[in-house]
Amino acid sequence: MTPSGGAPADAATSVSSTGSNKATPAWTPCSFYRAGDGTVQRDLPPKALAAALADTAGTLWVDVDATNRHQHALLEKIFKFHPLAVEDTLNPNSRVKYEEYDGFLFVIARAVKLEEDTPDPYDVETQNLYFFLGQNFLVSVHSYASDSVRTMLERVALSDDLLARGAARIMHGILDVSVDAYFPLLDGLDELLDKLEERVFVQFDQGALRDIFGVKRLVLTLRRHLAPQREVLNQLTNRPSALLPQSVQVYFRDVYDHVLRINDTLDTYRELLSSTLDSYLSQVSNRLSRSSKGLTVVATVTLPFVIMSGMWGMNFAHIPLMSQPHGFALLVVLQIVVAAVLLVLLRWLRLL
């Protein structure tokens, strides 16, 4: 895209040495502009944005809040982006993708973090980031408070040299921070897996089954969100583009390597969870077998008592030992002897 316009307007607010700036209207997006002569301005009004966009020697980064209709309107009125790409920025369910238009690249990335406001400890919140990358500008769009964008805004405010590296490097920095946010999640998952293994193998907590499925669902959710992002970073790394020289693609390759590492770790966690689940079910089966074995032994040992009591309890006139004064005691001893013989036999057959 080749915008038209003059020099940046004087209405723009210059960055002071302390990093502070005057309050800007809500319709003015957060922006940084480094002119070709090295001067830096921030929070430019719309007219100044159009002028800065025409300065091919400068670097412009504009961060747009999609929930603010005045800021969002700048995507079409000032930057003249394709309507289909602008429409995607309003859809929170837009798929992660990489598309090349005339004069700019359109990239959708997805950031994830654990949802803290729900009772489910394994619930994740997904957030889309939209990027319009041109030769001398970057427009980032989001409809939520993005941690990765806020981090880059703070870095640029502290060091305007980041703008001198180009708009693509700014986008790389945002993607790098959003991907690195997966690593604390992986550390938390690693601790959860250790606790689950202890609950299964050491304590055998029957409530661990629900947590196993919860963690497994979390791992599968992270893989589902990470897989399309891997393809996007692969394209940013390897697809030739006039807007992404090879010297910049090297930095995206580093982010791509991080994504591959995270994906491999999630695969490992998925296998560990499957093994833990199999071990849990095996222990349940073994405990059930032991219980059944114990009940079988009790039934076998008490069988002589049931048989003999039934035989000597029949209503006949002549029953052995009936007239003996110690008949009952002899019968009890006989039952105990038969039960002891059965126990010895079961032990000899290694059934106990």
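1. Which strand gives the largest share of the lining of the largest pocket? Strand β7 (residues 124–133) does, with four residues. Strands here are DSSP runs of E with at least two residues, helices are runs of H or I with at least four, and both are numbered from the N terminus. Please keep in mind that this is a predicted model, in which local features need pLDDT of at least 70 and side-chain atom pairs count only at pLDDT 80 or more, while totals for chains, interfaces and linings use all residues. Residues are numbered from 1 along each chain as its sequence is written, and side-chain values use heavy atoms, with hydrogens and water left out.

2. Now look at the whole pocket lining. It has 14 residues, and P92, N93, T126, Q127 and N128 lie nearest the centre of the pocket. By class, the lining holds five nonpolar, eight polar and one charged residue. (Ala, Val, Leu, Ile, Met, Phe, Trp, Tyr, Cys and Pro count as nonpolar, Asp, Glu, Lys and Arg as charged, and the others, Gly among them, as polar.)

3. On to the helices. Two packed helices are described by the angle between their axes and the distance between the axes. The axes of α7 (residues 182–203) and α8 (residues 208–238) come within 11 Å and cross at roughly 155°. (Axes are lines fitted to C-alpha atoms, for helices over the stretch in contact, and angles run from 0 to 180 degrees between N-to-C directions.) That angle makes α7 roughly antiparallel to α8. (Angles under 35 degrees count as roughly parallel, over 145 as roughly antiparallel, 65 to 115 as roughly perpendicular and the rest as oblique.)

4. Who touches whom here? Among the residues in the contact are L185, L189 and L192 of α7 and I212, V215 and L218 of α8. (Contact means heavy atoms within 4.5 Å.) The residues of this contact divide into 13 nonpolar, one polar and two charged.

5. Next, compare the angle for α6 (residues 167–180) and α7: their axes come within 4 Å and cross at roughly 10°. That makes α6 roughly parallel to α7. S178, V179 and D180 of α6 make the contact with Y182, F183 and P184 of α7.

6. Finally, the axes of α4 (residues 147–158) and α6 come within 8 Å and cross at roughly 130°. These two helices are therefore oblique to each other. Their contact divides into six nonpolar, four polar and one charged residue.

Terms used. 1 Å grid on protein atoms, 1.4 Å probe; cavity = no way out; pocket = protein on both sides within 12 Å on 5 of 7 lines; lining within 4 Å.
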